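Student: I would like to know how the terms used for this model are applied to it. Please set the values against the cut-offs as we go.

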Amino acid sequence: MVLTIFSVLLALFHFVGPMPTNLGIHQGQLSPCESPSHCARSDWERNDPIASLNELADVIQQTPRSEIVEQRTDYLHATASSEIFGFVDDLELYADTERSLLQARSVSRLGESDLGVNEQRLRSLETALMKQQ
């Protein structure tokens with residue numbers, strides 16, 4: 001009973017957390033993950049990283065509880081919220097045309113562990129890219 005009440009209260013308040021201060025492109029790269037327990041980062045080789053970023057923007061727009069916050073030609077920042085508690089993760093994509101890479105980073109705003117959610121998010125996006133080749 002107590003667990004149910006606690007779960008309902010958590011769901012009502014949705015734990016958004018502060019936006020990370022290290023979002024964006026820094027010296028031609030997305031920030032590294034400070035801790036792999038709540039962050040995932042990947043680089044995907046792409047012939048046209050800008051086209052790949054645009055393809056994934058469409059995927060993200062169709063993903064429930066995901067919202068694109070900022071999109072430029074070579075950069076995308078989106079948020080994704082968990083279904084039950086509303087925990088927010090930040091997703092970034094950077095089309096690195098100099099190295100023919102699409103950089104991806106997904107990081108949780110709160111908590112010490114994401115239970116693999118960010119890594120799974122990046123794997124799903126990579127799979128979506130492979131299907132569109």
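**Values and cut-offs**

Tutor: Strand β3 (residues 39-45) runs antiparallel to β7 and is joined to it by 7 bridges. Helices (H or I, at least four residues) and strands (E, at least two) are DSSP runs, numbered from the N terminus. The model is predicted, so local features need pLDDT of at least 70 and side-chain atom pairs count only at pLDDT 80 or more, while totals for chains, interfaces and linings use all residues. Residues are numbered from 1 along each chain as its sequence is written, and side-chain values use heavy atoms, with hydrogens and water left out.

Student: What makes β3 and β7 a pair of strands?

Tutor: Two strands pair if DSSP finds at least two bridges between them. β3 and β7 have 7 bridges, so they meet the criterion. One of the bridges sets S42 against A104 in β7. In general, strands of a sheet pair through backbone hydrogen bonds, either parallel or antiparallel.

Student: How do you know that β6 and β7 pair?

Tutor: By the bridge count again: strand β6 (residues 88-96) and β7 have 8 bridges, in the antiparallel sense. Among the partners, A95 bridges to L102 in β7, and D96 stands opposite L101. The two strands form a hairpin with 4 residues between them, and S100 there takes a positive phi near 55°.

Student: Which strands make up the open sheet, and in what order?

Tutor: The order is β3-β7-β6-β5-β4, 5 strands with antiparallel pairing. β3 and β4 (66-71) are at the edges with a single partner strand each, so one side of each has no neighbour in the sheet. From one strand to the next the twist averages 15°. β5 and β6 pair over 7 bridges, with L76 bridging to L93 in β6. The hairpin of β5 and β6 has 6 residues between the strands, and G86 in its turn has a positive phi of about 75°. β4 and strand β5 (residues 75-81) are joined by 5 bridges, and S66 stands opposite A80 in β5.

Student: Why is β6 called largely enclosed?

Tutor: A residue is buried at under 20% relative accessible area, exposed at over 50%, and partly exposed in between (1.4 Å probe, protein chains only). In β6, 9 of the 9 residues are buried, so the strand is largely enclosed by the rest of the structure. V88, D90, E92, Y94 and D96 point one way and D89, L91, L93 and A95 the other, and all are buried.

Student: How many residues of β7 (residues 101-108) are buried?

Tutor: 8 of its 8 residues are buried. Both faces are covered, with L101, Q103, R105 and V107 on one side and L102, A104, S106 and S108 on the other.

Student: What makes C33 and C39 a disulfide?

Tutor: A disulfide is a pair of cysteine sulfur atoms within 2.5 Å. The sulfur atoms of C33 and C39 are 2.1 Å apart, so the pair qualifies. A search of the whole structure finds 1 disulfide. Its S-S torsion is about -65°, so the disulfide is left-handed.

Student: Are C33 and C39 buried or exposed?

Tutor: C33, at 26% relative accessibility, counts as partly exposed. C39 has a relative accessible area of 6% and is buried.

Student: What is the phi of Q27, and why is Q27 placed in its accessibility class?

Tutor: Phi of Q27 is near 55°, a positive value in a residue other than glycine. Q27 lies in the loop between β1 (25-26) and β2 (29-30). Its relative accessible area is 83%, so Q27 is exposed.

Student: Which residues in α2 and α3 meet?

Tutor: Contact means heavy atoms within 4.5 Å. S52, E55, L56, V59 and I60 in α2 meet L125, A128 and L129 in α3. Ala, Val, Leu, Ile, Met, Phe, Trp, Tyr, Cys and Pro count as nonpolar, Asp, Glu, Lys and Arg as charged, and the others, Gly among them, as polar. On that basis the contact divides into 6 nonpolar, 1 polar and 1 charged.

Student: At what angle do α2 (residues 49-61) and α3 (residues 117-131) pack?

Tutor: The angle is about 115°, with the axes 10 Å apart. Axes are lines fitted to C-alpha atoms, for helices over the stretch in contact, and angles run from 0 to 180 degrees between N-to-C directions. α2 also lies across β3, β4, β5, β6 and β7, at about 155° to β6. α3 lies across β3, β5, β6 and β7, at about 20° to β3.
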